[in-house]
Amino acid sequence: MEEKIIAIAGNPNTGKTTIFNALTGTRQMVGNWPGVTVEKKEGYYIYKNIKFNVVDLPGTYTLTGESEDQKIAIEFLTSTKVDVLLIMADALNLERSLYFFTLLSEFHKNIIIVLNMIDLAEKEGIDYDISHLEQLLKVKIVKTIGNKNVGIEELKEEIYKRCKDIPSDFFIFNYGEEFEKSIKEIENNLPLLNFQYPKRFIVLKIMEKDEYFTNLLKDREEYKKIKEIIERIEKILKKPIEKFLIEKRYSIIHGIVKEIIIEKKKELKIELTEKIDKILTNNLLGPIIFLFIMFTIFHFVFFLGNPIKDFLEIILERIKNYFLNINLSIWSKSLIVDGIISGVGSVILFLPNIFLFFFLFAILEDTGYMARAAIISDRLMHKIGLHGKSAIPLILGFGCNVPAIMGTRILENKKDKILTSLAIPFMSCSARLPVYILFTGIFFKENQGLIIFSIYFLGILIGILSIKFFSYIFFKVESSPLIIELPIFRIPYWRNVIIEGWIKTKYFLKKAGTIIFLGTIILWFLNYFPNPQNYGTKLNFAGRIGNFISPIFKPAGYGFWQAGIALIFGIYAKELVVSTFGSFFGFENLSESLAFYFTPISSYAFMLMSLLYMPCIVTFIIIKKEVGIRWALFSLLWSLFVGWFCSTIFYQVFSFLKGG
Amino acid sequence: MEKLSSVKEGKYKIVDITKIGKLKKMCDLGILIGDIIEVIKPAPGPIIIKKGNITVAVGYGMAMDVIVEKIE
């Protein structure tokens, strides 16, 4: 089948994801951009017998080589043969969207502008003369309402046409005769470079003093001459070139928009958002509402998830009984029942909770609340010496620490990146949730939501204190300035939310089927040998290892070997803490057995340990990749110490209080 | 003329953004010199400003370099 590559670029909050989802449905995969750890979203659809591979580029407002996200977009658009580039435009903020278009038009020619959210614009009394705009910009424009699926078929048809019939006349931004001459002059002085960016694009970037592109040239002889030309132009302009370029682009765009805007009833008002914002970002109310929302989320994760979990447990038991009753050799039966079903099964049970967690978080994201959460946390972040934007990767950490650490890319400052990466492992990821659900279900049935909330809260607190401590010791640099857009509040769009929840859950499932599956087999092996008749006891390898390290945990109240080995396997993947207990006791007897070994106090101490004691292996590798081996090792040792210390202190203090 | 970091709620005109890096960042988000903005939430904490349909939160450090003028 013929294949085509389509890329989607655009500002954040222009409905990029919605359009991407509308085109590809669930035929998506999330991977990494080669060489870096920025998330790459890909998907495909088939239209008129052609397979269209769609790549969702990182959402940005501009294109500089200084930010990792934007560099990826630039690299991708220049190195890959992108057949059609879709540029998202927000009908409510057309000027800014077209500004982005002028930047992109410098190096990709086959463009379709997707004018999204036209319904909102119409509501505000705005309409645009689209065919006139198409003429002015020499591009095709498709109107869409992404969340109502309006315009998607037209868009597919237009993409198809554009692939077949590449236009010959393109939009070229004109900066004025004099300035265009200077661009040419620098172009002629440009040395032969070993990459494929269009010359004019590089020249403009160098004129803007983009650090990345300037550094590519700095050591070349020709650079001196180019610098002279730039200085000469600035003398004539009487202002920095970058300022001139911004003003020029916006003034031309402003003219264009003025020409094509059809009707404007009155000044736009989105008063509701404004009113809500006043409350949500209020210095006193904001944090209270934030905590309330988080608490509600955790409550729903159990309230709705637990009944489904109980149902899954019945099914799992059936499967287990089925295998127990068929004819198999003793060891293979043990491997399947004691190893795989008990191990993987005890993790799979938490699937409903995990899905709900991601689903509810996706709702927060889709409504626009996340950006507000960053604002609320900004003061706190500043107090502890971080950038306001650090709140976003930290919150992401509740889902999974790995993408959260990748998310520190949005921070421009190395110091913010390191400190945030050090704190993220203390953000309780969804893999640790099964541990809490299991233990609170046994020991704190009445206050399950509250207890788990307190653990998350302690994680945050310890993360914050660690940062404060380290920023005091290691760093004394200023943070880079904060500026975040607050998107308009809207009702979450169900398809985005469900797809987002599902894709993340799929990742969890995949992990259960691969990493955790493998882990449970190793675990089974260690439990089975060298004395098969004594499965899962002290006499076998697992028991011996557990027995060896368990004395360390005695002061924390869980100095028995099962807990020791569970924690060791938890380093591999945190879900395995539960799997390990499952493999010892069987998932159906888990509650009774754990109630025998733990007390409420020691179970809380154990949950604290599971929360804090170490980033899992994958997280460790990502930290190493992002900020270097030294910080990764440091993070490991620090969390190990903090985990043991907090867990022990908690157990000792509360045991004392209870005893006295 | 005042700094954005020290104004109260109300309508203002942006007169200048003194650091070129900060100017670039504001312009990327669609806030330009000469624009009329509304301050929705003043300091302490990030300052929230609005221009048309664009709402942006600006950190204190950033707001120190944004010079505004009260309107009316």
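**The interface of chain B and chain A**

Glu274(A) and Lys50(B) are joined through their side chains by a salt bridge, at 2.8 Å from N to O; the term requires a side-chain nitrogen of Lys or Arg within 4 Å of a carboxyl oxygen of Asp or Glu. Across the interface of chain B and chain A, the rule finds two salt bridges.

The model is predicted, so local features need pLDDT of at least 70 and side-chain atom pairs count only at pLDDT 80 or more, while totals for chains, interfaces and linings use all residues. Residues are numbered from 1 along each chain as its sequence is written, chains are lettered from A and ligands numbered from 1 in the order in which they are written, and side-chain values use heavy atoms, with hydrogens and water left out.

Chain A and chain B each bring 31 residues to the contact, which means heavy atoms within 4.5 Å. The area buried between the chains is about 3,000 Å², and carbon and sulfur atoms give 61% of that area; buried area is the accessible area (1.4 Å probe) that two parts lose on being put together, summed over both. Nine residue pairs, both members at pLDDT 80 or more, are in polar contact between chain B and chain A. Such a contact is a pair of N or O atoms within 3.5 Å; within protein, one must be able to donate a hydrogen and the other to accept it, and residues adjacent in sequence count only if both atoms are side-chain atoms.

On the side of chain B that touches chain A, at least two residues come from each of β2 (10-17), α1 (20-28), β3 (36-41), β4 (47-51) and β5 (54-58). Helices (H or I, at least four residues) and strands (E, at least two) are DSSP runs, numbered from the N terminus. The most is given by α1(B), with eight residues.

Strand β10 (residues 483-485) of chain A runs antiparallel to β5(B), to which three bridges join it; strands pair if DSSP finds at least two bridges between them. Within this pairing, Val56(B) has Glu485(A) opposite. The open sheet has seven strands, paired antiparallel in the order β10(A)-β5(B)-β4(B)-β3(B)-β2(B)-β6(B)-β1(B). Because β10 of chain A and β1 (2-3) of chain B stand at the edges with a single partner strand each, one side of each is left without a neighbour in the sheet. Further along, five bridges link β2(B) to β6 (residues 66-70) of chain B in the antiparallel sense, and Lys13(B) has Glu69(B) in β6(B) as its bridge partner.
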